[in-house]
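Subject: Structure for you to look at

Dear colleague,

Here is the structure I said I would pass on. My notes on it follow below.

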Amino acid sequence: MDRDLPPVFGARGLEWRLHGRMTMDQFTRRDLLRLGAAAAAGLTAAEGAWAGEPAGDAAVRKGAGRRTRRLRIAHVTDVHVQPELEAERGMAACLHHVQSQKDKPDVILNGGDALMDLCAVDRARAKTQWDCWNGTLKRECSMRVEHCIGNHDIWGIAKSESRCDGSEDFYGKKWALDGYGITRPYRSFDLQGWHFIVLDSTMPVVESYVGRLDETQFEWLADDLKKTDAKKPVLILSHIPILSAAVFYDGELEKTGKYEVPPGWLHIDSRRIKNLFLQHPNVNVCLSGHLHLIDRVEYNGVTYLCDGAVSGNWWKGAHQECHEGYALVDLYNDGTIEREYVTYGWQAKKA
Ligand SMILES: [Zn+2]
């Protein structure tokens, strides 16, 4: 369960434990990987070290053989900044809150949709939003930030409304790469004994998008996982959830009498990605945003966390039971994680 949720967070988010068709073999492979070192050392599971911990790290780590935190991250997603509704002030308040934590995070992961919307606006309005984001980030944040592209960060998906024809120099994801100061829409890196993979969830289609990895990106992901030390824990960051329980509350699906989840709400290639993860028991946690809701799904040994929204209901208050906030996620040497959703006291401006 999330721990120590602040009182302002009325409902405790949604916690689902799905037990799909997990074979004993899959279960034991992943769990043995986590517990192998503990068993070998005669320790209890709670005290066990991560089986694949590099010898050098173990040597410098105090209390070798015990569960220790490697990294604390702030997952800041769906800021949706704009000049209206005091969103820039809200973004600054959130960044201050992150940076003034007594137990300060080591890095911020921006989960995407940093801008209100670039899909259906003209160049001038797109530039205004990038100026809001980069101006506020530069003024108010001194921490390392790693960026993930969201659907609203892509300029001109709705060509008719944005008055784009696709030939513009900053069309599509080009402006997102430039605005975020990154060279590739998906990538990976290592931090403190964990492997981080940032995915590009949004595949534009005519006037819209779907949540999916194209073939090139899927092959890159498969290759990246293959190249990663099988004992190193992996965190995957995507904007659109790969698996989610809260997706059933994004909109009012029940009104149709069927639960038909649109492909823009959840990765339509979720099964393919899940099958890939089965070959890599060191994939431990997947973080997402997009839904402006909070949930936790455990499936086949992977923890899928959807982490609310800094903007709540797009700066108009809480979105359902999800207040404006961000997540603190602690990553441990044994591959386990703890997540806390933190509100930062924002009061939406009265319209
Ligand atoms: Zn989104």
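Contact here means heavy atoms within 4.5 Å. Leaving aside neighbours within four places in sequence, D78 is in contact with G112, D113, H239, G289, H290, H292, G308, A309, V310 and S311.

Before the rest, the conditions. This is a predicted model, in which local features need pLDDT of at least 70 and side-chain atom pairs count only at pLDDT 80 or more, while totals for chains, interfaces and linings use all residues. Residues are numbered from 1 along each chain as its sequence is written, and side-chain values use heavy atoms, with hydrogens and water left out.

The chain as a whole

The chain has 8 helices and 14 strands; these are DSSP runs numbered from the N terminus, helices being H or I of at least four residues and strands E of at least two. Of the 351 residues in the chain, 56% are buried (under 20% relative accessible area, with exposed over 50% and partly exposed in between; 1.4 Å probe, protein chains only). Among contacts between residues at least 6 apart in sequence, 70% join residues at least 24 apart. The chain exposes about 15,400 Å², and carbon and sulfur atoms supply 53% of that area (Shrake-Rupley method, 1.4 Å probe; for residues, only the protein chains shown count as cover).

Two loop residues

D78 lies in the loop between β2 (69-76) and α3 (87-99). D78 is buried, with a relative accessible area of 0%. One of its contacts is H290; D78 and H290 are 212 residues apart in sequence, yet their C-alpha atoms are 6.5 Å apart in space.

H319 belongs to the loop between β12 (302-307) and β13 (325-332). H319 is also buried, at a relative accessible area of 13%.

Helix α6 and its partner α4

The axes of α4 (residues 123-140) and α6 (residues 173-180) come within 11 Å and cross at roughly 25 degrees. Axes are lines fitted to C-alpha atoms, for helices over the stretch in contact, and angles run from 0 to 180 degrees between N-to-C directions. That makes α4 roughly parallel to α6 (under 35 degrees; over 145 is roughly antiparallel, 65 to 115 roughly perpendicular and the rest oblique). The crossing is right-handed, that is, the near helix is turned clockwise from the far one by less than a right angle. R123, A126, K127, W130, W133 and N134 of α4 meet W175, A176, G179 and Y180 of α6.

In α6, 6 of the 8 residues are buried, so the helix is largely enclosed by the rest of the structure. The buried ones are K173, W175, A176, L177, G179 and Y180. Their cover includes β3 (107-110), α4, β4 (145-147) and β7 (202-205). After α6 comes G181, with a positive phi near 70 degrees.

Helices α7 and α8

α7 (residues 215-227) and α8 (residues 270-278) pack at an angle of about 15 degrees, with their axes 11 Å apart. These two are therefore roughly parallel to each other, and the crossing is right-handed. The contact is made by E215, F218, L221, A222 and L225 of α7 with R272, I273, L276 and F277 of α8.

Regards
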